[in-house]
Amino acid sequence: IRGGSARGCDFAGADLRYAVFDACDLSEARLGRARLDDTAFIGCETSRVDLSGAVLLRTVMMGADLTAAKLTGVHSEEAVLNKSRLAGADLSGLELVRSQFMEADLSGANLSGARLVQSGFKGAKLVGARLDGAQASNALFIEADLRQASLRGANLLQGLFVDAVAV
């Protein structure tokens with residue numbers, strides 16, 4: 001789907017594996033419990049989208065606008081969300097394994113209780129983000145901005161913080 005609009009559409013529980021969304025408007029769409037394996041969202045407007053409980057295996061969301069999106073309970077492995085905007089998004093309870101957030105904006109996002117094992121946040125902006133109780137073992141925070149982020153009770157075992165800012 002290229003350049004189309006599915007604003008506010010209900011795709012809850014749909015099987016959208018291998019789909020490609022290019023420059024589409026999916027804002028306020030409902031994709032809860034959807035299967036999005038090997039799906040690509042390239043430059044899509046996805047603000048306020050509901051992905052609660054969706055499965056994102058090897059999903060690519062390059063430059064996606066996920067501002068104020070709901071990703072609670074999402075299961076993801078090897079997902080790529082590089083240069084995506086997730087400011088204010090609810091990612092609580094999210095399970096991300098070996099996923100990438102290179103240069104992503106997660107300012108003010110709620111990642112409480114999220115599982116971020118072996119995930120990369122190179123150059124990510126996590127200003128004011130909540131990572132309370134997050135499991136971020138072996139995660140990479142290279143050049144990440146963690147100013148005013150809350151990490152209470154977070155498991156950062158073997159996490160790598162290189163040139164990260166946390167004041």
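These notebook entries record what I looked up in the predicted model shown above.

**Entry 1. Ground rules**

I worked with a predicted model, in which local features need pLDDT of at least 70 and side-chain atom pairs count only at pLDDT 80 or more, whereas totals for chains, interfaces and linings use all residues. Residues are numbered from 1 along each chain as its sequence is written, and side-chain values use heavy atoms, with hydrogens and water left out.

**Entry 2. Asp25**

I began with Asp25, which I located in the loop between β1 (20–22) and β2 (40–42). Strands here are DSSP runs of E with at least two residues, and helices are runs of H or I with at least four, both numbered from the N terminus. Is Asp25 buried or exposed? I found a relative accessible area of 19%, so Asp25 is buried. The classes are buried under 20% relative accessible area, exposed over 50%, and partly exposed in between, with a 1.4 Å probe and protein chains only.

I then looked up the side-chain partners of Asp25. A polar contact of 2.6 Å links its side chain to that of Ser27. The term denotes a pair of N or O atoms within 3.5 Å; within protein, one must be able to donate a hydrogen and the other to accept it, and residues adjacent in sequence count only if both atoms are side-chain atoms. Asp25 also forms a salt bridge with Arg7 through their side chains, at 3.4 Å from N to O. A salt bridge requires a side-chain nitrogen of Lys or Arg within 4 Å of a carboxyl oxygen of Asp or Glu. This pair links distant parts of the chain, since Arg7 lies in the segment before β1 and the two residues are 18 apart. Arg7, at 44% relative accessibility, is partly exposed.

With neighbours within four places in sequence set aside, I listed Gly4, Ser5, Ala6, Arg7 and Glu45 as the contacts of Asp25. Contact means heavy atoms within 4.5 Å.

**Entry 3. Leu26**

Leu26 occupies the loop between β1 and β2. I noted a relative accessibility of 2%, and Leu26 therefore counts as buried. Which residues does Leu26 touch, not counting those up to four places away in sequence? I recorded Ala6, Phe11, Phe21, Phe41, Glu45, Thr46 and Val49. The C-alpha atom of Leu26 is separated by 6.9 Å from that of Gly8, a residue 18 positions apart along the chain.

**Entry 4. Cysteines**

How many disulfides does the structure hold? I found 0 disulfides, the criterion being a pair of cysteine sulfur atoms within 2.5 Å. Cys24 is in no disulfide, and its nearest cysteine sulfur, that of Cys44, is 4.8 Å away. Cys44 likewise is in no disulfide, with the sulfur of Cys24 as its nearest. I classed Cys24 as buried because its relative accessibility is 4%. Cys44 is buried as well, at 2%.

**Entry 5. Salt bridges elsewhere**

My search of the whole structure gave 13 salt bridges. Among them, the side chains of Glu77 and Arg98 meet at 3.4 Å, N to O. Glu77 lies in strand β5 and Arg98 in the loop between β6 (95–97) and β7 (140–142), so this bridge ties together parts that are 21 residues apart in sequence. Glu77 is partly exposed at 27% relative accessibility, and Arg98 is partly exposed at 35%.

Arg98 also forms a salt bridge with Glu78, the closest N and O atoms being 3.5 Å apart. The relative accessibility of Glu78 is 38%, so Glu78 counts as partly exposed.

**Entry 6. Thr72**

Thr72 sits in the loop between β4 (60–62) and β5 (75–77). I found Thr72 buried, with a relative accessible area of 18%. Beyond neighbours within four places in sequence, Thr72 is in contact with Ser52, Gly53, Asp90 and Ser92.

**Entry 7. A nonpolar patch**

Which residues make the nonpolar surface patch of about 210 Å²? I identified Leu140, Leu160 and Val162. Patches comprise residues with over 30% relative accessible area and no salt bridge, with like charges joined within 9 Å and nonpolar side chains (Val, Leu, Ile, Met, Phe, Trp, Tyr) within 5 Å. Accessible areas come from the Shrake-Rupley method with a 1.4 Å probe, and for residues only the protein chains shown count as cover. Val162 belongs to strand β8 (residues 160–162) and is partly exposed, with a relative accessible area of 33%.
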